[in-house]
Amino acid sequence: MADDKKRIVVLDFLRGMAALAVVFHHFLGILNPGLLQSARYYGQLGVQVFFVISGFVIPYSLYRGQYALRNYGTFVLKRVTRLDPPYLVTIVVIILLGVFSWYFSFQQGEVFSVTVPQILLHFAYINVFFGYPWLADVFWTLAIEFQYYLLMGLVFPLLFSRKLWIRIPAMVGLGLMPFVITSPVFIFYFIYLFLMGILTCQYWIGFIGKREYAGLLVLSVALALLTTGVASTVAACLAVFAILFLKLDYALFRFLGSISYSLYLIHTPVGKRALNLFLRLTHAQSQAGKLLVVAMALAVTILAAYLLYRFVERPSQKWSASFRYHRRREPEVPRPEETEQFNPAF
């Protein structure tokens, strides 16, 4: 088991592959009927991989940061300052490109429309609760992630309690929620995917042993099959396997992992418009021609994602890191030379 202080390099690989999977799910729809066109369905499972990653990463960072419930406000602030700037810039890009399309017909499809309430509801990730559509079809997953952050900040002290009589009932309580609140607009519908990541985090840091981990993981997998289906559960299991057993520390994966959030955000407003434009300009009809269009649109998307990462996301990461959890003052530990007279082992 790796030292919890070491960077978990496989997460870059997972993030990058999950983001690319979602991109291909949206881009490959232009292809002629065939194997690739059919396989694009599974690209959407990148979302489930992201849920497992969040299930792992958030408690991992809270554990390393010695988080306590009194730091809940700081935790939420750190998440907002980390994730919202790229998200808000993407919203601005969507609106600007949409308004631009009113005057210059560079894309076929539905006419762009937006309302002020629809825009404002995005700030709290609550469009779906008021019947307003998202400005991008991937934003619903950000709403689920935000619910997870709010929930994890509250239950982390319970889930990571050393006392079994606290930890196990907390796990059971979360596990029962999908059968009480069944709507997929709530975090609880996907809770077993997040729990698979949470349990893997507990095992990774040595918080629980192999037997407890294996038992709870098998139970989570079984209940995930029941609630979210076979495909989602298989994708989540592959993510868990990768975290446990793969390393894959390569520059390409580090790059894709670093821009994965920006890539996920920007591929719809920029990438799909580029795809539409290139398809119209080339009049591609053959499979090879359409694959070339996809490659061109992907190149534009990656460039846009890098720019969003470089000038918005990376500064927001530094901003988020500037907020520190308040910790209680630890009692002073005697220096080694002061303890030599009391400890014959020196």
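This is a predicted model: local features need pLDDT of at least 70, side-chain atom pairs count only at pLDDT 80 or more; totals for chains, interfaces and linings use all residues.
Biologist: Which residues of helix 1 and helix 12 meet?

Modeller: Leu 20, Val 23, Phe 24 and Phe 27 of helix 1 touch Val 294, Ala 297, Leu 298 and Thr 301 of helix 12. Seven residues of this contact are nonpolar, one is polar and none is charged.

Biologist: What makes helix 1 roughly parallel to helix 11?

Modeller: The axes of helix 1 and helix 11 cross at roughly 15° and come within 6 Å. Because angles under 35 degrees count as roughly parallel, helix 1 is placed in that class with helix 11. Their crossing is left-handed. Among the residues in contact are Phe 13, Arg 15 and Leu 20 of helix 1, and Leu 256, Tyr 264 and His 267 of helix 11. By class, this contact holds 12 nonpolar, seven polar and four charged residues.

Biologist: How do you know that helix 4 and helix 12 are roughly antiparallel?

Modeller: Their axes cross at roughly 160° and come within 7 Å. The cut-off is an angle over 145 degrees, and helix 4 and helix 12 are therefore roughly antiparallel. The crossing of helix 4 and helix 12 is right-handed. Residues of helix 4 including Lys 78, Arg 82 and Pro 85 meet residues of helix 12 including Leu 308, Glu 313 and Trp 319. The contact divides into seven nonpolar, five polar and three charged residues.

Biologist: What makes up the lining of the largest pocket, and which residues lie nearest its centre?

Modeller: The lining has 46 residues, and Arg 15, Val 57, Ser 61, Arg 79 and Arg 82 lie nearest the centre. The pocket holds about 1,500 Å³ of space. At least two lining residues come from each of helix 1, helix 3 (46-64), helix 4 (72-103), helix 6 (139-159), helix 11 (251-282) and helix 12. Helix 3 gives the most, with 11 residues.

Biologist: How many residues of the lining are charged?

Modeller: The lining has 14 charged residues, alongside 23 nonpolar and nine polar ones. Arg counts as charged, so Arg 15, Arg 79 and Arg 82, which are among the residues nearest the centre, belong to that class.

Conventions
Residues are numbered from 1 along each chain as its sequence is written. Side-chain values use heavy atoms; hydrogens and water are left out. Contact means heavy atoms within 4.5 Å. Helices (H or I, at least four residues) and strands (E, at least two) are DSSP runs, numbered from the N terminus. On a 1 Å grid over the protein atoms alone, a cavity is a set of points where a 1.4 Å probe fits but cannot get out, and a pocket is an open set with protein on both sides within 12 Å along at least five of seven lines; lining residues have an atom within 4 Å of a point. Grid points are joined across faces, edges and corners, and a volume is the space filled by probe spheres set on the points. Axes are lines fitted to C-alpha atoms, for helices over the stretch in contact, and angles run from 0 to 180 degrees between N-to-C directions. Angles under 35 degrees count as roughly parallel, over 145 as roughly antiparallel, 65 to 115 as roughly perpendicular and the rest as oblique. A crossing is left-handed if the near helix is turned anticlockwise from the far one by less than a right angle, and right-handed if clockwise.
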